Amino acid sequence: MLEDGKLYIGTSRNPDDSLNKGEYLDLKYGNRHGIVTGATGTGKTVTLQVLAESFSNAGVPVFCADIKGDLSGIAVMGQPKDWVDQRAKQIGFDDFAYQEFPVIFWDLYGEQGHRVRTTVAEMGPLLLSRLMDASEAQEGVLNIAFKIADQGGLPLLDLKDLQALLNYMGEHASELSNQFGLISKSSVGSLQRGLLVLEQQGAEHFFGEPALAVTDIMRTTNDGRGAISVLAADKLMMNPRLYSTFLLWLLSELFEELPEVGDPDKPKLVFFFDEAHLLFNDAPKVLIERIEQVVRLIRSKGVGVYFVTQNPLDVPDTVLAQMGNRIQHALRAYTPREQKAVKTAATTFRPNPAFDCETAITMLGTGEALVSTLQSKGIPSIVERTLVRPPASRPGPISDAERRAVINVSPVAGVYDKDIDRESAYEILAAREQKAAEAEAARRAEEEREARGEEKDSAAGRWSLPGFGDRQEDDDRRTTKTTTRRTSGYQRETVIEAAMKSAARSVATSVGRAIVRGILGSLKR
């Protein structure tokens, strides 16, 4: 059943349920993107697992998200099961054998895999605005913040760096507005509140160093197989906006860093975007346009993007049009929207005169799908009703001990596990503030010393005529003035006031830092 240069997906059936032929995905067109859709429980996760296994065996690295933990079993060898053996026999898959695959586990929280981080600067204002659900005015202030950081040599690495920069912008809003445009203190305050929300949702784990190098998700093993990077996303899905923004950032990084390769014999990387509807929900127009651009152009860099979602309507038409390889599991048509989704899915396939596609979509069984892939000259194949082949690795989750064993022998073990906290915007701005406070205290002290010196010189230069009592009167006046100064504490108070203000400013700075550290102290960079 296996053919060189092609990935075996399954075997199609005739209308009388007899076997028809094997259905394949040509590696040459693996970077032309694809989509896997279907209702819950129809077999999308197993199809994703089968595709990941096939790409890995073909020497193509894979990146995918594990939403429910069911995909982690791809790291260990499958065990004989009745439904697996039965499906292999049913479709005539004589070459079927159980197998384990090279897997690297990743986790934004560092609990179920290697830490994944990026810096605030690498995320950029557009994606960060999306993550913070910022308004247009707030996005403008965020763009100004990045501009100030670039011009001022202020590295933005983690959330506390951005928080410190926003504090600086709020305190100097008037003078900065003259140079960069209006900086509203209310917008700055809203962004600061947004950062606190992100911190509470766990986003602080995502920002810091060492940042993920895209080359580490594009590894191959000594035997020529592609490594499968599995992102533990069960906890991450509690914050869908962070999940979708992270995957979009990673896709953007691939687009920006990889060289043009045209149409290679096989993809350089295959990227599976599970729960793809989260990427497009409530996304602003400019972000949709950016996604469309990345999907359209990243093909020439050898990266294939495969969206996995329940409903084809979840993906905008402009993006859906880029999907050349399509696998459609069963859809239900109980509501008008679901009926529209069935019709939309049916019309995207190249028709098969042997059956009605729209009817077949609602009649597919578990592990069965309508399949159409790009064939010779990039022409879509006629859609076929296909029984998807069983996975060679274990379906379902693995144990914590098994996961830990895989992590310990990972090729990136120890690379991302420790935080690096180098000097960045937070430390630079704090040092500048401290230096300014010390300079102000020194200036005040110097003014007070000069004032005391002038008064002393004036008193030493007085003269009197003998016998007219001036000296006594002068002595009395000096005594009175000295007593008055001691009583009022005017001169001495000025010095004390300067010292107290300096101390208070230093204490305030320390307390301010302590507050920031208290709020953001759990930052893992």
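What percentage of the contacts in the protein chain between residues at least 6 apart in sequence join residues at least 24 apart? In this predicted model, the share is 77%. The protein chain has 525 residues, of which 50% are buried. Its secondary structure consists of 17 helices and 12 strands.

An open sheet of 12 strands, with mixed pairing, runs in the order β2-β1-β12-β11-β10-β3-β9-β8-β4-β7-β5-β6. At its edges lie β2 (19–26) and β6 (114–115), each of which pairs on one side only. Strands of a sheet pair through backbone hydrogen bonds, in either a parallel or an antiparallel sense.

Strand β11 (residues 368–372) is mostly covered, with five of its five residues buried. Burial extends to both faces of the strand: E368, L370 and S372 are buried on one side, and A369 and V371 are buried on the other. On one flank, β11 pairs with β10 (residues 325–328) in the antiparallel sense over three bridges. The bridge partner of I327 in this pairing is V371 of β11. Strand β11 is also joined to β12 (residues 384–388), again in an antiparallel arrangement, by four bridges. Here L370 has R385 of β12 as its bridge partner. The loop between β11 and β12 contains K377. This residue is not a glycine, yet its phi is positive, near 65°. With a relative accessibility of 75%, K377 counts as exposed, whereas the residues of β11 on both faces are buried.

Residue T47 is located in helix α1 (residues 44–57). Its relative accessibility is 2%, and T47 therefore counts as buried. Residues up to four places away in sequence aside, T47 touches V36, I327, H329 and V388. Of these, I327 is the residue that has V371 of β11 as its bridge partner, and V388 falls within the residue range of β12, 384–388.

Helices α3 and α4 form a packed pair. Two packed helices are described by the angle between their axes and by the distance between the axes. The axes of α3 (residues 120–132) and α4 come within 10 Å and cross at roughly 170°. Because of this crossing angle, α3 is roughly antiparallel to α4. On the α3 side, the contact is made by V120, A121, G124, P125, L126, L128, S129 and M132, and on the α4 side by E139, L142, N143 and F146. Classified by residue type, the contact comprises eight nonpolar, three polar and one charged residues.

Helix α4 also takes part in the surroundings of α6 (residues 173–180). The buried residues of α6 are A173, L176 and S177. Viewed down the axis of α6, these buried residues fall within an arc of 105°, so they line one face of the helix. They pack against α4 (136–152), α5 (159–171) and α7 (185–200). On the other side of α6, the exposed residues are S174, N178 and Q179. Just after α6, G181 adopts a positive phi of about 105°.

Several loop residues have backbone or contact features of note here. The loop between α7 and β7 (228–232) contains P210, and the peptide bond from E209 to P210 is cis, with omega near 0°. In the loop between α8 (240–257) and β8 (269–274) lies E260. At 54% relative accessibility, E260 counts as exposed. Apart from neighbours within four places in sequence, E260 is in contact with S300 and K301. The C-alpha atoms of E260 and L297 are separated by 9.6 Å, the two residues being 37 residues apart along the chain. Although E275 is not a glycine, its phi is positive, at about 50°.

Notes
Residues numbered from 1 in each chain as written. Predicted model: local features only at pLDDT ≥ 70, side-chain atom pairs only at ≥ 80, totals over all residues. Heavy atoms only, no water. Pairing = 2+ DSSP bridges. Helix = DSSP H or I, 4+ residues; strand = E, 2+ residues; numbered from the N terminus. Buried < 20%, exposed > 50% of the residue type's maximum accessible area, 1.4 Å probe, protein only. Arc of directions from axis to C-beta. Contact = heavy atoms within 4.5 Å. Axes fitted to C-alpha atoms, helices over the stretch in contact; angles between N-to-C directions. Parallel < 35°, antiparallel > 145°, perpendicular 65-115°, else oblique. Nonpolar A, V, L, I, M, F, W, Y, C, P; charged D, E, K, R; others polar.
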